[in-house]
Amino acid sequence: MVVKLNSEQLDDFIRKFPDGGEFFGLSYHIHDDKTVTFNYNSDGRLLEVLNLVK
């Protein structure tokens, strides 16, 4: 699933959670282009479940 946010919303998330980590049981990674990918670990496989984009 892809969720499109305005720049202010996405920048606000990145300010609150500046490093990759976990959020509600999902691991997340902030990419150089300021998109955020959320993954779920299922039996050792990372399943991409959500992307936040501008």
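D12 and K16 are both located in helix α1, four residues apart, or about one turn of the helix, where helices (H or I, at least four residues) and strands (E, at least two) are DSSP runs numbered from the N terminus. The model is a predicted one, in which local features need pLDDT of at least 70 and side-chain atom pairs count only at pLDDT 80 or more, whereas totals for chains, interfaces and linings use all residues. Residues are numbered from 1 along each chain as its sequence is written, and side-chain values use heavy atoms, with hydrogens and water left out.

D12 forms a salt bridge with K16, in which the closest N and O atoms are 3.4 Å apart; a salt bridge is taken as a side-chain nitrogen of Lys or Arg within 4 Å of a carboxyl oxygen of Asp or Glu. In relative accessible area, D12 is partly exposed at 29%, while R15 is exposed at 58% and K16 is exposed at 56%; buried denotes under 20%, exposed over 50% and partly exposed the range in between (1.4 Å probe, protein chains only). The count of salt bridges comes to three, and one of them joins D11 to K54, the closest N and O atoms being 3.6 Å apart. This pair links distant parts of the chain, since D11 lies in helix α1 and K54 in the segment after β5, 43 residues apart.

Five strands form an open sheet of mixed pairing in the order β1-β5-β4-β3-β2, two strands being paired if DSSP finds at least two bridges between them. Strands β1 (2–4) and β2 (21–23) stand at the edges with a single partner strand each, so one side of each is left without a neighbour in the sheet. Strand β4 (residues 36–42) pairs with β5 (residues 45–53) in the antiparallel sense over seven bridges, and β3 (residues 26–30) runs antiparallel to β4, joined by four bridges. Within β4, N39 is the bridge partner of S27 and stands opposite E48 in β5. By contrast, β1 and β5 run parallel and are joined by three bridges, with V53 in β5 as the bridge partner of K4. In the hairpin of β3 and β4, which has five residues between the strands, K34 takes a positive phi near 70°, and in that of β4 and β5, which has two, D43 takes a positive phi near 55°.

Helix α1 (residues 7–16) lies across β2, β3, β4 and β5 and runs at about 55° to β4; axes are lines fitted to C-alpha atoms, for helices over the stretch in contact, and angles run from 0 to 180 degrees between N-to-C directions. The largest nonpolar core has ten residues, including F13, I14, I30, V36 and F38, a nonpolar core being a set of buried Ala, Val, Leu, Ile, Met, Phe, Trp, Tyr and Cys residues joined through side-chain atoms within 4.5 Å. Its largest share, three residues, comes from α1.

In strand β4, five of the seven residues are buried. T37, which is placed in this strand, is buried with a relative accessible area of 10%, and its side chain is joined to that of N51 by a polar contact of 2.8 Å.

Note on methods:
A polar contact is a pair of N or O atoms within 3.5 Å; within protein, one must be able to donate a hydrogen and the other to accept it, and residues adjacent in sequence count only if both atoms are side-chain atoms. Contact means heavy atoms within 4.5 Å.
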